[in-house]
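I opened my notebook to look up a few helices and strands. Here is what I wrote down.

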Amino acid sequence: MIPIFDKDKAGFIAKVRKDGFLDNKEVYDIVYKIMQDIRKDKDKALMQYTGKFDKTDIAPEDMLVTKEEIKKAYKEIDKDLLKVIQQAVLNVATYSIKQKEKSFLWNKEEGVKIGQKVTPLRSVGIYIPGGTAPLISSVIMNAVPAYVAGVKEIVMCTPPPLEAARIVAANESHVTKIYRAGGAQAIFAMAFGTETIPKTDKITGPGNIYVAYAKKMAYGYCGIDMVAGPSEIMIIADETANPRFIAADMLSQAEHDKLSISSLLTTSKKLAKEVIKEITVQAKELERSDIINESIKNNAAIYIGQDITECIDVLNECAPEHAEIITENAEVYSDYITQAGAVFVGPYSPEPLGDYLAGPNHTLPTAGTARFFSPLGVYDFMKKSSVIQYDKEALKRAYKGISLFAQCEGLDAHANAVNIRFLEKKDE
């Protein structure tokens with residue numbers, strides 16, 4: 001039975017917020033050893049861990065997917081699926097182009113130019129999980145913004161064995177190299193480099209808790225997009241909402257993982273009970289019902305609020321990955337949802353629309369980090385440098401103030417670096 005929290009805000013938030021998902025010493029120790037082994041033994045360690053975790057014996061020379069294998073994948077893939085992949089690539093690229101920022105140089109005053117230089121990263125590593133649910137859509141969501149940003153080398157690591165769809169999606173998304181390598185060991189291979197897999201400047205992409213720990217440990221040696229926790233959906237609905245739609249959307253999130261969190265905030269107890277009934281009925285018909293049932297049993301919750309405004313306040317406090325609003329005047333209310341990775345407005349904007357085809361990125365902040373993180377975008381694959389250019393007369397106007405600042409901070413070498421340009425050299 002899904003618990004219903006009637007005006008119990010604290011109880012609801014405690015149920016749906018999983019802040020401590022990276023507080024696992026046992027996992028930390030395992031991942032730390034993997035990191036040390038990859039740094040020390042490189043390909044040798046990577047092969048050992050691939051055999052241990054992916055149950056695959058593979059030689060270093062066989063990790064890279066060849067051009068011949070890519071051609072073969074195009075022959076094997078379902079043609080309708082290929083069209084959908086190509087449409088998704090186009091939609092994500094079209095949206096991503098609008099996120100691009102330009103460099104600028106401002107002639108602030110006579111002799112003074114200041115500005116900002118925007119440059120794409122040189123190389124990016126993207127990680128794509130395999131297993132029972134190979135995330136083909138995540139290939140597109142991670143690689144296409146990098147390509148639009150202008151990244152020249154896009155390396156993808158993904159566990160073996162590879163099906164045609166993952167290979168084709170990577171090729172369509174302009175991935176330059178595809179490697180058969182999974183788990184924390186693949187993250188560290190891209191972070192530090194091995195004899196076969198190149199070192200990259202930034203790593204993005206989803207994964208299990210071991211991958212999350214690995215990305216956190218790799219940060220500083222390279223950039224990362226974010227440390228992602230269990231997937232979440234939080235739906236706000238009133239009495240006009242269709243309980244079948246809400247149940248289906250909650251179940252779509254629950255099938256990701258046993259740790260996924262599906263929740264509803266509503267003003268209607270009647271709707272809450274109808275949604276619970278629908279979840280029970282629909283779950284029986286779904287292939288991943290074992291995962292779904294455990295996810296719903298352990299992590300689902302419903303909050304009964306006084307009004308929609310209160311429900312929005314609770315949602316903003318939780319800062320979920322996905323927020324849906326299915327109410328009268330949903331578009332008006334959606335303006336007040338400020339703490340969510342993505343906002344889906346109205347009954348015909350279900351969360352899977354964002355997962356696959358709409359265009360905005362589905363790589364989103366989780367576990368309340370939507371308070372300070374943004375969805376993955378072109379901006380994650382670009383860096384900025386400040387540009388400062390003064391001529392002699394402009395610096396002459398400014399140097400005494402600079403010198404005063406430096407002396408106040410006790411940094412006389414800083415003061416000297418400007419003073420020396422204008423003060424006569426003392427006789428020795």
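I noted that the model is predicted.

**Strand 9 and its neighbours.** I checked how strand 9 and strand 10 (residues 261–266) run. They pair in the parallel sense, over six bridges. Strand 9 pairs with strand 12 in the parallel sense over five bridges. Here I found Ile235 bridged to Glu324 of strand 12.

**Sides of strand 9.** Which residues point one way, and which the other? I listed Glu232, Met234 and Ile236 on one side. Ile233, Ile235 and Ala237 point the other way. Are they buried or exposed? I found that all are buried. Buried means under 20% relative accessible area. Six of the six residues of strand 9 (residues 232–237) are buried, so strand 9 is largely enclosed by the rest of the structure.

**Helix 8.** Next I turned to helix 8 (residues 183–192). Ten of its ten residues are buried, so helix 8 is largely enclosed too. The buried residues include Gly183, Gln185, Phe188, Met190 and Phe192. What covers the buried residues of helix 8? I noted helix 2 (25–41), helix 3 (43–53) and helix 9 (209–218) among the covering elements. Strand 4 (123–127), strand 5 (153–158) and strand 7 (202–204) are also among them.

**After helix 8.** I looked one step further along the chain. Gly193 follows helix 8, and the phi of Gly193 is positive, near 85 degrees.

Terms used
Residues numbered from 1 in each chain as written. Predicted model: local features only at pLDDT ≥ 70, side-chain atom pairs only at ≥ 80, totals over all residues. Heavy atoms only, no water. Buried < 20%, exposed > 50% of the residue type's maximum accessible area, 1.4 Å probe, protein only. Helix = DSSP H or I, 4+ residues; strand = E, 2+ residues; numbered from the N terminus. Contact = heavy atoms within 4.5 Å. Pairing = 2+ DSSP bridges.
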